[in-house]
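I opened this notebook to record what I looked up about the pockets of one protein.

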Amino acid sequence: MYNKIPRSYGLKQKYTDGYVVYENLIPESFHFQCDKGSGGTSVVEGVNTAIRHRVSYQVRRSASFARSFDWLVKRLRYFFHHYNLWIAARRLKGKLQAE
């Protein structure tokens, strides 16, 4: 399964919550476990929460589902496009206020 991950991403460090399954999926040299409450996975958890909030297909225990994989991909691309613009605008606003 790990071999299916694009090489450029596969060579980066992975921070996980220590779930036992990850030990068998991620090579030890790239795997770093974060203690609960350390905040090491907080960024990705925040993004996951935003996805579940904005993309109905991704809500847990939802009756919504993608009728086609293409529509799921389109919705996720749309979400990430706007999410990245929002992040960039926040950073720019912070830089302008600091000046």
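This is a predicted model: local features need pLDDT of at least 70, side-chain atom pairs count only at pLDDT 80 or more; totals for chains, interfaces and linings use all residues.

Entry 1

Entry 2. I began with the largest pocket and looked up its volume, which is about 780 Å³. I then asked which residues that line this pocket are the closest to its centre. Of the 25 lining residues, these are Tyr15, Thr16, Tyr22, Thr41 and Val44.

Entry 3. I next looked up the elements that give two or more residues to the lining of the largest pocket, and I found strand 1 (14-16), helix 2 (21-25) and helix 3 (42-54). Helix 3 gives the most, with 5 residues.

Entry 4. I sorted the lining of the largest pocket by class. The residues divide into 11 nonpolar, 9 polar and 5 charged.

Entry 5. I turned to the second largest pocket, whose volume is about 220 Å³. I listed its lining as Ala50, His53, Arg54, Val55, Ser56, Arg75, Tyr78, Phe79, His82 and Tyr83.

Entry 6. Which elements give two or more residues to the lining of the second largest pocket? I found helix 3 and helix 4 (69-98). Helix 4 gives the most to this lining, with 5 residues.

Entry 7. By class, I recorded 5 nonpolar, 3 polar and 2 charged residues in the lining of the second largest pocket.

Terms used:
Residues are numbered from 1 along each chain as its sequence is written. Side-chain values use heavy atoms; hydrogens and water are left out. On a 1 Å grid over the protein atoms alone, a cavity is a set of points where a 1.4 Å probe fits but cannot get out, and a pocket is an open set with protein on both sides within 12 Å along at least five of seven lines; lining residues have an atom within 4 Å of a point. Grid points are joined across faces, edges and corners, and a volume is the space filled by probe spheres set on the points. Helices (H or I, at least four residues) and strands (E, at least two) are DSSP runs, numbered from the N terminus. Ala, Val, Leu, Ile, Met, Phe, Trp, Tyr, Cys and Pro count as nonpolar, Asp, Glu, Lys and Arg as charged, and the others, Gly among them, as polar.
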